[in-house]
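I am opening a notebook on this structure. Entries follow in the order in which I looked things up.

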Amino acid sequence: MARRVAIVGTGHSKFGVRNDVNIPELAYEAISKAIATAGIEKKDIDLVVTGYVGGWSSEPLAPVVVMEYAGLTGKPGYRIEAACATGSAAIKAAHDAIAAGEADIALVVGVEKMNESPTPTVVEFIGRAGNYFWEFENFGLTFPGYYALYATAYMQKYGMTEEDMCKVAVKNHYYASMNPKAQFPRKITLETCMQSRYIAWPLKLFDCSPITDGAAAVVLASEEVAEKLTDSPVWIEAIGVSTGTSNLSKRSQFTNLEAARLAAQMAYKKAGIDPDNPVKYLDVAEVHDCFTIAEIMAYEDLGFAKRGEGYKLAREEQTYIGGLIPVNLSGGLKAKGHPLAATGVSMAVELTNQLLGKVEKGRQAPINNGRAIAHNIGGTGHYAYVTIYSLSKPRSPA
């Protein structure tokens, strides 16, 4: 019988351009904090799952280097990769191992040093994340180009404006200004965003997430172990996973990510959440805002807004604290940063601390339902992971 799984420790590095450390040093910033907050010793860890995309980094086999530096050589371990959703995929892999009885305590770490390569190289590597020969090689699509297709289609169909997208950036920078781990902990104005240069019309510089170095880690434990380690475990209540076509040309439309919608439906069903009114059950969300249009589409794919009305939540500032549902109080990928494999783990760290009331003043969500949701996308909807975290023990294993 499957076992319930909880987060019992968290760690998070400073995100940004981290030329002061190498990859294992960066990873250990998060690992050491996660182990310390869990109140365990390294010998207690049964499994290490490392999320790492790499390609732009000096270490092709970062997981073994990270494990050696962290003093975890000899432990069972492996690398997970699912593009920008790698962190959530790593959490699911560790969760499933514990649920199946293969481990009692697992360490999950996501790490990237993307700035070890020049920007054009990183842009190319991420641009290859669709279908290389059909899209990147023949047509030169980059990631901003991919999401510009979504933005223009959405604007044409529903009437969203560039100002609406910039409002997402303003919100996320506002909350990042209170997050000392964020790459860009500073506020911006709507005018700053609107006057920034175009990267791929209609997406401007401040509509785009940055190239980031960073690491995040969580310690997961079985129900029996978790309840011995802490009186405040954060349970993994449900995980929904789906995938999309490699070629965007094979998708029926460009105004939402179908994989994200399907993953959300799976997670809601497991958690007993009404998919037509999920905000009634949730306190806070971290969504995959690699571009501002991605956050707006996430509102709809998660059921926070009806199809074609997600931009209204941004326009009416309904995703600030005090609105319909607070979204990306960490600053999101947009301002906190987006070290690909660390992002999903970072979401777990943020939501765990939100649920426990342990984030900085000014960006703490009111916790009434004891539930939070993470929405993590790989590629342009190629992978989608939706994870629900809860203060209450799940009715059944995720």
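**Entry: Leu302.** I looked up the burial of Leu302 and found it buried, with a relative accessible area of 0%. The model is predicted, and I keep that in mind for every entry. I then placed Leu302 in the chain: it is in the loop between helix H11 (292-301) and helix H12 (310-315). Next I asked which residues Leu302 touches, not counting residues up to four places away in sequence. I noted Ala264, Tyr268, Pro278, Val287, Ile373, His375 and Val386. For one of these, Tyr268, I looked up the spacing: Leu302 and Tyr268 are 34 residues apart in sequence, and their C-alpha atoms are 9.4 Å apart in space.

**Entry: Ser13.** I turned to another loop residue. Ser13 sits in the loop between strand E1 (5-12) and helix H1 (23-38). I listed its contacts, leaving aside neighbours within four places in sequence. Ser13 is in contact with Arg18, Leu26, Glu29 and Ala30, and also with Lys181, Gly214 and Ala215.

**Entry: the disulfide.** How many disulfides does a search of the whole structure find? I got one. The partners are Cys166 and Cys193, with their sulfur atoms 2.1 Å apart. Cys166 belongs to helix H7 (residues 162-176) and Cys193 to helix H8 (residues 190-195), so the bond ties together parts that are 27 residues apart in sequence. I also checked the handedness of the link between Cys166 and Cys193: the angle about the S-S bond is -75°, and the link is left-handed. Both Cys166 and Cys193 are buried.

**Entry: cysteines without a bond.** I looked up Cys208 and found it in no disulfide. The nearest cysteine sulfur to that of Cys208 is in Cys193, 9.1 Å away. A disulfide needs the two sulfur atoms within 2.5 Å. Cys208 is buried, with a relative accessible area of 11%.

I then went to Cys290. Cys290 counts as buried, at 2% relative accessibility.

Terms used. Residues are numbered from 1 along each chain as its sequence is written. This is a predicted model: local features need pLDDT of at least 70, side-chain atom pairs count only at pLDDT 80 or more; totals for chains, interfaces and linings use all residues. Side-chain values use heavy atoms; hydrogens and water are left out. Helices (H or I, at least four residues) and strands (E, at least two) are DSSP runs, numbered from the N terminus. Buried means under 20% relative accessible area, exposed over 50%, partly exposed in between (1.4 Å probe, protein chains only). Contact means heavy atoms within 4.5 Å.
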